[in-house]
Amino acid sequence: MSQQLDLRVTAQTVECFTQSRRVASHVRSFRRGAHTTQSEHMPRAHRGRQPFPSGPQDERCLFQAGLEITCGKGIVARPNRADGGAADWDARVADLQFRDRCEYAVGHGVSVAADLPEDGGPVTTVRTAWIPCAEVPRVITGPAVGITNMEELAGLENPEDLRRALEPIPAAYGAWIAGRREIDPGSDASRRATRDELMDEAGRACRRIGDGIDLLARSAEVRHAFRLANRAMALSARKRSPERYADGSAPHWFLFQLAFLLLNLPALDDPRREDRDDVELIFFPTGGGKTEAYLGVIAFVLLLRRMRGQQRPDAGLGVAVMLRYTLRLLTLDQLSRAATLVCALEVLRREDPARLGTVRFAAGLWVGGSATPNKLEDAKTQILDYKNSSSARFPSPFPLTVCPWCSEPLGRDSLTLEPRETPRQVIVGCGNHLCDFAPGRFPEGLPVLFVDEQIYRELPAFLIATVDKLAMLPWRGEVGLLFGRALARDGRSLYGPVDAALGMIPRSARTALPEGLLPPELIVQDELHLISGPLGTMTGLYETAVEALCLRTLEDGTVVRPKILASTATVRRAREQILSLFGRDRTAIFPPPGVDDGETWFARVDHDSPGRLYVGVAATGRAMKAILLRVYVALLAAANALYDPTGPEDQTSDAWMTLVGYFNSLRELGGMRRLVEDEVRTRCDKAEDRRPEGSAGPNPWFRDRKVTPEPLELTSREDVGSVKSAKARLAHPFRHAEHVDVVLASNMISVGLDIDRLGLMVVAGQPKSTSEYIQASSRVGRQRDRPGLVVTCFNLHKPRDRSHYERFPAYHESFYRFVEVSSLTPFSGPALDRGLAGTLLAMARQNDPTLTPSTAAMHIREHLDLAGEAVRGLAERGASQPGLTPGQSDAVRANLTLRAQGLVDAWERLAQIATEGGYRRVYSPWDRGKSAADRTMLRQVLDRPEDQAPPEAKLFTAPTSMREVEPSTHLWLRSRLGGKG
């Protein structure tokens with residue numbers, strides 16, 4: 001105050017005066033060093049920081065406080081108009097489909113809830129919600145129309161009977177389309193135009209389905225392949241899930257699966273059709289049956305190729321279908337389904353070898369060396385170690401744990417090396433002597449190959465791979481065999497240019513293949529949304545080589561490209577992504593989107609059964625570990641309270657007895673693992689002690705629970721054997737001796753974890769993308785009678801988590817709208833620096849047998865026309881990338897031509913220098929026939945350069961994996977005295 005004060009001290013008070021006017025009065029304190037303060041004399045900013053007075057603090061606090069606003073006339077809704085009038089196609093569709101989704105309030109440090117009246121009237125009440133909830137309804141398949149019974153379709157030989165069985169599908173679909181054209185989306189002209197465009201796309205799909213039915217009625221060959229495909233799918237369904245059909249029911253198609261097969265028949269039969277080059281994208285929610293849809297198409301392609309090849313020298317052999325995934329967990333999971341289908345096809349082939357050939361159908365697993373052995377010698381070592389191990393948990397080198405045909409566990413006696421000392425193949429036989437693939441009944445064993453060398457020799461009709469493996473195209477000459485570059489055949493063994501150069505084609509290989517084998521006719525890319533970022537960029541570049549190797553020319557000069565199928569449950573701007581990835585400018589989404597979200601006639605929103613319930617949990621001032629600890633304990637103890645130990649094994653509450661913890665990083669997962677091993681277990685042991693105040697009797701919410709000492713882990717740091725074991729244990733019900741209480745997982749589980757019994761997940765922090773959130777949380781609650789519960793724990797100190805928490809209901813009501821756009825730039829500068837040399841060498845080396853052997857790298861000057869063809873193919877693919885103006889397209893073409901031709905010139909120069917130096921250049925260190933004096937062209941980024949290597953050698957750096965990261969490197973810091981720091 002900068003003024004002099006007069007004080008008057010009495011026995012009870014201290015008073016302050018200035019100019020005879022009292023300005024303050026305080027109750028006097030007699031405690032030494034103590035003081036008193038009146039809040040009205042404090043600045044407003046300081047009043048809220050006063051310390052609590054002594055005594056019980058809880059009595060002076062408010063808990064579970066809430067704010068509620070009621071307006072009788074209705075609260076004004078706030079629709080999301082972000083996509084209104086957008087030029088982007090996906091934004092326009094989202095604006096139409098979510099036109100009725102509105103937000104009524106936004107929280108501030110808290111979430112909100114709105115009372116939605118059932119009669120569709122105005123919303124009159126909104127309130128704060130500390131634990132917000134949102135239910136995402138299930139999307140199920142559409143009505144049953146026509147005949148969808150697989151076995152019944154397989155028995156229809158008469159074309160008119162088949163037509164009558166299938167024609168109701170396009171008829172009913174056409175009627176639905178006509179009705180949807182009458183839906184009024186409002187006065188917005190853009191929405192009406194979008195509605196009409198969507199129905200035009202649906203009309204095109206309907207006509208294609210009709211064309212497929214006409215083809216079946218017209219072509220006896222196609223009809224026979226279709227019937228056999230139905231029979232194979234029915235056999236595999238019965239073998240995979242025998243309990244499902246124990247009551248006498250029969251396997252059925254979902255309507256969209258059968259329709260998808262029908263609309264693809266014409267383009268698979270006649271490669272000249274216009275829609276042959278269309279990329280068919282199956283867009284259906286997770287768990288809806290996308291895999292069976294494309295497996296049906298795969299079965300048809302495999303059968304038709306064998307049938308048509310019996311009159312040719314190649315007998316329809318070779319890789320016909322390439323099915324690719326991005327993650328090893330997904331690959332291993334889908335291998336089981338694919339193997340069952342191939343077993344079914346093999347059973348059918350044995351019944352009719354005159355029409356389907358004398359060589360077995362087989363599936364090959366072509367993945368990285370960390371999952372399966374690359375060489376037979378490596379396989380021999382792993383198999384012998386497995387057989388000689390006394391540990392019951394020693395992992396088997398074979399990727400499947402049970403027989404895909406009879407579900408008999410595969411053990412040590414199931415693997416046989418033939419011959420034992422110098423194996424040429426690994427035979428996997430089922431231990432069940434009644435199985436069709438037991439060694440006593442079928443010496444060739446299960447038709448599943450998992451060793452690279454055996455795959456290159458037999459060339460299975462169905463190849464299952466990861467996109468990472470495409471990086472091996474320039475490194476291994478044998479890879480060209482997968483694309484039909486074979487020269488001779490001996491039974492089911494095939495030989496290519498590398499074998500010819502080494503003189504390793506046996507005299508018994510009397511069947512010459514002057515035109516080789518047909519290249520793959522069908523490429524299937526599952527989980528398309530994962531082909532993005534650095535992985536998608538590198539994959540898009542190498543896809544240029546894949547397509548070049550799959551091209552074939554018909555007698556009339558027509559160039560045939562492989563048919564491409566893709567599938568996903570979460571994608572945005574799919575057309576741009578597919579153009580960047582595959583160079584195809586036409587994409588057909590199936591089922592075509594409808595006017596309303598989730599409604600496509602082939603699919604509908606299920607309002608009659610519970611959906612997946614999402615719950616949000618956040619706590620200001622609490623560490624994330626503290627939140628997760630309490631949530632884990634509460635859910636584990638509450639699930640145990642619901643579980644009936646005397647009830648059936650498959651009771652509904654069994655779905656919630658295994659808690660799946662999802663984490664955005666391995667660091668967070670590691671921290672939670674320690675908590676589960678210690679505090680979670682300790683608190684679950686005494687969960688019943690935490691009861692409501694004043695309650696008597698047993699705890700109404702919790703029951704004490706014994707949690708297993710170690711949680712299961714599903715992350716990239718687990719080996720393949722551990723992943724297989726973990727998946728097998730997760731499928732066990734809670735009553736099983738090896739049940740799982742807690743599994744901690746990274747984004748590894750967002751695809752490929754298809755275990756129907758799981759129903760409970762805790763998400764630690766909002767995932768980095770909406771697509772990841774949808775995919776990961778869709779791993780639980782996949783069965784109608786076992787609803788899923790997803791608890792998302794938010795860290796309010798992170799702005800993104802806080803925003804999702806505050807808008808929790810509105811976000812979940814339309815979270816498919818927020819799926820991010822995938823980004824991939826395969827012809828950007830950094831991508832070309834990393835992968836152009838590998839792509840160019842793959843195209844030049846594998847496209848013609850004369851350049852395939854290892855020493856053929858020295859003969860580039862005689863084959864400059866082949867290299868020039870590769871240069872032109874790269875330039876044209878780069879110029880067709882989306883978003884380029886004509887001028888930009890020409891500039892990209894010129895730049896790519898210049899860079900690729902520079903590599904060809906450097907290649908020629910290296911060959912010349914090698915000739916002058918008296919040594920040879922070979923392609924890679926893994927080539928067969930390479931001598932110690934030879935020098936390689938290809939090198940990895942971390943490889944040491946050759947001594948006195950010419951500068952051109954530095955240009956031929958190529959990856960061996962599509963991933964952006966290199967292997968981890970351990971660093972040790974040492975002090976000056978030499979000790980570790």
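This is a predicted model: local features need pLDDT of at least 70, side-chain atom pairs count only at pLDDT 80 or more; totals for chains, interfaces and linings use all residues.
The points below go from strands to helices, then to nonpolar cores and cavities.

**Strand E9 and its partner**
- E9 is joined to strand E27 (residues 612–617) by four bridges.
- E9 and E27 run antiparallel.

**A three-stranded sheet**
- Three strands form an open sheet, and their order is E19-E18-E20.
- The pairing in this sheet is antiparallel.
- Which strands are at the edges? They are strand E19 (493–495) and strand E20 (511–512), and each pairs on one side only.
- Strand E18 (residues 488–490) is joined to E20 by two bridges.
- Ala488 has Ala512 in E20 as its bridge partner.

**Helix H19**
- Is helix H19 (residues 720–730) largely enclosed or largely open? Eight of its eleven residues are buried, so the rest of the structure largely encloses H19.
- The buried residues of H19 include Val720, Val723, Ala726 and Leu730.
- Gly721 is also on the list of buried residues.

**Glu547 in helix H15**
- Glu547 has its place in helix H15 (residues 533–550).
- Why does Glu547 count as buried? Its relative accessibility is 13%, and buried means under 20%, so Glu547 falls in the buried class.
- What does Glu547 touch, not counting residues up to four places away in sequence? Its contacts are Arg561, Phe582, Arg584 and Arg877.

**Nonpolar cores**
- The largest nonpolar core has 109 residues.
- Leu166, Tyr173, Phe226, Leu262, Phe300 and Phe462 have the most contacts inside this core.
- Which helix gives the largest share of this core? Helix H9 (residues 290–309) does, with twelve residues.
- Leaving aside neighbours within four places in sequence, Phe226 is in contact with several leucines, among them Leu162, Leu166, Leu216 and Leu258.
- Leu261, Leu262, Leu265 and Phe300 are also in contact with Phe226.
- Another core lies apart from the largest one and has 84 residues.
- Val467, Leu903, Trp907 and Tyr923 are among the residues of that other core.

**The largest cavity**
- How many cavities of 30 Å³ or more does the structure hold? It holds three.
- The largest cavity has a volume of about 130 Å³.
- Its lining has 14 residues.
- Glu201, Ala205, Ala588, Ile589 and Pro592 lie nearest the centre of the largest cavity.
- Helix H6 (189–218) and strand E25 (587–590) are the elements that give two or more residues to this lining.
- H6 gives the largest share, five residues.
- By type, the lining of the largest cavity has nine nonpolar residues, no polar ones and five charged ones.

**The second largest cavity**
- The second largest cavity has a volume of about 70 Å³.
- It is lined by 13 residues.
- Arg306, Val359, Arg360, Glu458 and Leu459 lie nearest the centre of the second largest cavity.
- The lining of the second largest cavity divides into eight nonpolar residues, one polar and four charged.

Key: Residues are numbered from 1 along each chain as its sequence is written. Side-chain values use heavy atoms; hydrogens and water are left out. Two strands pair if DSSP finds at least two bridges between them. On a 1 Å grid over the protein atoms alone, a cavity is a set of points where a 1.4 Å probe fits but cannot get out, and a pocket is an open set with protein on both sides within 12 Å along at least five of seven lines; lining residues have an atom within 4 Å of a point. Grid points are joined across faces, edges and corners, and a volume is the space filled by probe spheres set on the points. Ala, Val, Leu, Ile, Met, Phe, Trp, Tyr, Cys and Pro count as nonpolar, Asp, Glu, Lys and Arg as charged, and the others, Gly among them, as polar. Buried means under 20% relative accessible area, exposed over 50%, partly exposed in between (1.4 Å probe, protein chains only). A nonpolar core is a set of buried Ala, Val, Leu, Ile, Met, Phe, Trp, Tyr and Cys residues joined through side-chain atoms within 4.5 Å. Contact means heavy atoms within 4.5 Å.
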